[in-house]
Amino acid sequence: MKRLIVLSTVLFLAASTFGIYQFICHANNPSIQHLYSNSNDVGIENVILDTSNKTQLHDPELRSVSKKKQESTLHENSLPETNGEKNKHHTRKRKKVTIDDVDLKSFSRAAPVKIEPSVEASAVEANEHPSTEE
Amino acid sequence: MLTSKKFYQQIGTYLIQLIFWVPIIFFSLLLIRNTLPYFDLKQHHPFIQERLPLFNISLYAICFYTHIAAGMFCIASALFQFSSTILKRQTKLHVWSGRIYVLVVLLIGAPTGMFMAFFAKGSIMEKGLFMFMAIAWLYSTARGLQTILDKNVLAHKQWMIRSYALAMTAVTFRIYHILFFMADWGHLENYEVSLWISVLGNLLFAEILIYKSAKNYLKTFLT
């Protein structure tokens, strides 16, 4: 029993000494000194529960997979249409919207609308500052 | 009348024990299960990814793998320690799992934990907390061993409660971490708060248990 305690104490002291030594050795190593400075956790949560979606997003592997998916979708979108064959799922033509197209009554419920700069400029011209009018 | 009161008291005690032990067993087994994939020795695991430069230090990598292996044995063997049924009917199981626990903590768990504490995440306070944990874990386990060899069962029980409370910080830390994560806490503050609550909370809980059972509480530190 005494031997075991002596052995464990020796091991413990050795570990402490090596710890201090390694810590001093890497005191000027920026990759170790700033190890956790940009850490937004790479998912220590999933040490216990790896089923939550939130947690899965932290997984670098999954992140890279989702990136690849995104990239492949982008690639598909950029493919030229052949023989009138349309990629209905991925092509979205952006419709030009003018101020006349906007239903002001249902404005609060409407989706965000992009107004063409020329239209926007004319609208601003029409409503000049009240101070200049005076 | 008296017997029915005793009966209800017994049921109450069983229920409390069930509520206490079922989550502990569940989360302990879950922790062991989630530690197993690390032994593919690949670096894609989140914990390793975060500390990738550290794994270039071979001693750190060795300490990490031995520490998690030790932790698995330690948590698994500790599950047999506090059951009075096992102690009465399967004394050998209690003794052997206890031996495994003590050996693993004294020779692997605490020393590797101490080494890794120097590179722990967080400020100097968190590093200090990990070092304190390693020292306290080693000391309480050694005292637990010494007291049982002196046939002082009560003191043995008290020291092993302290040791187990420290071992279980690995489990409680992750529970708090998940809870705060769900509450959308920032990562670093979540980590630090979870760490402090788990260590201090577990130690406080252990001391309350000991205080309730001990006649002279302060004496428990000396025996």
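Helix α8 of chain B covers residues 169-182, and its 14 residues should span 20 Å at 1.5 Å a residue; the end C-alpha atoms are 20 Å apart, which agrees. The model is predicted. Over all chains, the structure holds 3 salt bridges, and its largest nonpolar core has 60 residues.

**Helix α8 of chain B**
- Buried positions in α8(B) are B:Thr169, B:Val171, B:Thr172, B:Phe173, B:Arg174, B:His177, B:Ile178, B:Phe180 and B:Phe181.
- An α-helix has 3.6 residues a turn, so residues three or four places apart point the same way.
- Just after α8(B), the phi angle of B:Asp184 is positive, at about 60°.

**Salt bridges around B:Glu50**
- Side chains of opposite charge can pair when their charged atoms come close.
- B:Glu50 and B:Arg51 meet through their side chains in a salt bridge, with an N to O distance of 2.9 Å.
- Both of these residues, B:Glu50 and B:Arg51, are buried.
- B:Glu50 also forms a salt bridge with B:Lys121, at 2.6 Å from N to O.
- B:Glu50 belongs to helix α2 (residues 46-50) of chain B, while B:Lys121 lies in the loop between α5 (91-117) and α6 (124-149), so this pair ties together parts that are 71 residues apart in sequence.
- B:Lys121 is buried, as is B:Glu50.

- The side chains of B:Arg162 and B:Glu207 form a salt bridge of 2.8 Å, N to O.
- B:Arg162 sits in helix α7 (residues 153-167) and B:Glu207 in helix α9 (residues 187-213) of chain B, so the pair links parts that are 45 residues apart in sequence.
- B:Arg162 has 4% relative accessibility and therefore counts as buried, the cut-off being under 20%.
- B:Glu207 is buried too, with a relative accessible area of 16%.
- As for networks, B:Glu50, B:Arg51 and B:Lys121 are joined into one by salt bridges that share partners.

**Nonpolar cores**
- In the largest nonpolar core, of 60 residues, those with the most contacts inside it are B:Leu54, B:Tyr60, B:Phe64, B:Tyr101 and B:Trp137.
- Helix α3 (residues 58-78) of chain B gives the largest share of this core, 11 residues.
- Leaving aside residues up to four places away in sequence, B:Tyr101 touches B:Cys74, B:Ser77, B:Ala78, B:Trp137, B:Thr141, B:Met160, B:Ser163, B:Tyr164 and B:Ala167.
- Another core, of 5 residues, lies apart from the largest one and includes B:Ile161, B:Ala165, B:Ala206 and B:Tyr217.

**Nonpolar surface patch of chain B**
- A nonpolar patch on the surface is formed by B:Phe7, B:Tyr8, B:Ile11, B:Leu15, B:Leu18, B:Ile19 and B:Val22, which together have about 740 Å² of accessible area.
- B:Val22, one of the patch residues, is placed in helix α1 (residues 2-35) of chain B.
- With 48% relative accessibility, B:Val22 counts as partly exposed.

**Chain A**
- Chain A has 6 helices and 0 strands, in the order α-α-α-α-α-α from the N terminus on.
- Of the 134 residues in chain A, 19% are buried.
- Among chain A contacts between residues at least 6 apart in sequence, 0% join residues at least 24 apart.
- The accessible surface of chain A is about 11,300 Å², and carbon and sulfur atoms account for 56% of that surface.

Key
Residues numbered from 1 in each chain as written. Chains lettered and ligands numbered in written order. Predicted model: local features only at pLDDT ≥ 70, side-chain atom pairs only at ≥ 80, totals over all residues. Heavy atoms only, no water. Helix = DSSP H or I, 4+ residues; strand = E, 2+ residues; numbered from the N terminus. Expected span 1.5 Å × (residues − 1). Buried < 20%, exposed > 50% of the residue type's maximum accessible area, 1.4 Å probe, protein only. Salt bridge = Lys/Arg side-chain N within 4 Å of Asp/Glu carboxyl O. Core = buried A, V, L, I, M, F, W, Y, C linked by side-chain atoms within 4.5 Å. Contact = heavy atoms within 4.5 Å. Patch = residues over 30% accessible without salt bridge, like charges linked within 9 Å, V, L, I, M, F, W, Y side chains within 5 Å. Areas by Shrake-Rupley, 256 points an atom, 1.4 Å probe, with all protein chains shown as cover.
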